[in-house]
Structures are given as C-alpha cells and as structure tokens.
Amino acid sequence: MPRVAIIVPVLNEARALPGLLDALAALAGEWELIVCDGGSSDGSAEVATMHPACPRVVHAPRGRANQMNAGAQAAAAPVLLFLHADTRLAPDAHRRLADALADPGILGGNFRIAFDGGDRFSRVLARWYRL
C-alpha cells in the first residue's frame, strides 16, 4: 500500500486541530500529514506546527478549493485523502484504502459519514450523504 497524504484545509481550527492530529498520529499505516491554512487568525498554523505529529503546514489563499489544491501540490504521497478538521477516520482506514486501491476500477471514493449526536437532523443528513 502506498503512503497516503491526509490533507486538512483549515481556517480558524486551532481548537479542533490537537484532537484531530492526535487521532491521526494513532492510526496504523503510513501517512503524510498536511495542514493547509487559509489565513487563520486564531493560530491554527502554529498549533499544527507545534504538534508532535509534525504535519507539514502549507499556507494558501482562503477558500477550501485553494487550500485543497495547495495541499495536493505539496503532497509527496501518491494517494490523497482530504479531511475536515472536525472529522475522525476509522482505526482501519489505511487497510480500507489499500483494499479499495487494489481494485483498478476504483478511481476515488469516500468513507461512510456518521455524525455525533442522535438528533433527527443528524440521522437524515447521514443517510443523505450515503446516497
């Protein structure tokens, strides 16, 4: 399985980043972590820079597409995974990616989404995303 770049576009995510980076550092597999800051005013880039997971921090103009493109350009890994700062991957995410990439017919995809909380809106939104 090739190395996977996890690209996290952020804008004022200083509070969410430590938990995300802790979770990513604990995952099995070979990962390249890239945090792409879009001009945060809350120290997000500094939080990422100081984190023990040692993500590469890239700066880009504000805008998710700009940040994701800059993160993709900075990546050395051949596989790209884009992740929100408030998102967690399953412990077996690397194996699941390896399984999917073993099929030459698969060009891209996503993991199933589950939202915290059991309210009706979260359940409906999760079902909608699965479609």
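This is a predicted model: local features need pLDDT of at least 70, side-chain atom pairs count only at pLDDT 80 or more; totals for chains, interfaces and linings use all residues.
Local features were taken only at pLDDT of at least 70 and side-chain atom pairs only at pLDDT 80 or more, while totals for chains, interfaces and linings use all residues. Residues are numbered from 1 along each chain as its sequence is written, and side-chain values use heavy atoms, with hydrogens and water left out.

The interior was examined through its nonpolar cores. A nonpolar core is a set of buried Ala, Val, Leu, Ile, Met, Phe, Trp, Tyr and Cys residues joined through side-chain atoms within 4.5 Å. Buried means under 20% relative accessible area, exposed over 50%, and partly exposed in between (1.4 Å probe, protein chains only). The largest nonpolar core has 20 residues. Ile-6, Leu-24, Trp-31, Leu-81, Leu-83 and Leu-89 have the most contacts inside it. At least two residues of this core come from each of strand 1, helix 1, strand 2, strand 4 (79–82) and helix 4 (93–101). Helices (H or I, at least four residues) and strands (E, at least two) are DSSP runs, numbered from the N terminus. A second, separate core has 10 residues, including Ile-7, Ile-34, Ala-75 and Ala-77. In soluble globular proteins, nonpolar side chains tend to be buried together.

Contact means heavy atoms within 4.5 Å. Neighbours within four places in sequence are left aside. Trp-31 is then in contact with Arg-3, Val-4, Ile-6, Leu-81, Leu-89, Ala-93, His-94 and Leu-97.

Helix 1 spans residues 17–25. Its buried residues are Leu-17, Leu-20, Leu-21 and Leu-24. Seen down the helix axis, they fall within an arc of 95°, so they line one face of helix 1. The arc is that of the directions from the helix axis to the C-beta atoms. The cover over these buried residues includes strand 1 (4–10), strand 2 (31–37) and helix 2 (44–50).

The structure holds 3 salt bridges. A salt bridge is a side-chain nitrogen of Lys or Arg within 4 Å of a carboxyl oxygen of Asp or Glu. Asp-92, Arg-95, Arg-96 and Asp-99 are linked in a network of such bridges. Asp-92 pairs with Arg-95, the closest N and O atoms being 2.8 Å apart. Asp-92 also meets Arg-96, at 3.1 Å from N to O. Arg-95 in turn meets Asp-99, at 2.7 Å from N to O. Asp-99 and Arg-95 both lie in helix 4, 4 residues apart, about one turn of the helix. Asp-92 is partly exposed at 24% relative accessibility. Arg-95 is partly exposed at 45%, Arg-96 at 41% and Asp-99 at 46%.

Trp-128, Tyr-129 and Leu-131 form a nonpolar patch on the surface. Together they have about 440 Å² of accessible area, from the Shrake-Rupley method with a 1.4 Å probe, where for residues only the protein chains shown count as cover. Patches are made of residues with over 30% relative accessible area and no salt bridge; like charges are joined within 9 Å, and nonpolar side chains (Val, Leu, Ile, Met, Phe, Trp, Tyr) within 5 Å. Tyr-129 lies in helix 5 (residues 120–130). Tyr-129 is partly exposed, at 40% relative accessibility.

Asn-12 is partly exposed, at 34% relative accessible area. Cys-54 is exposed, at 59%.
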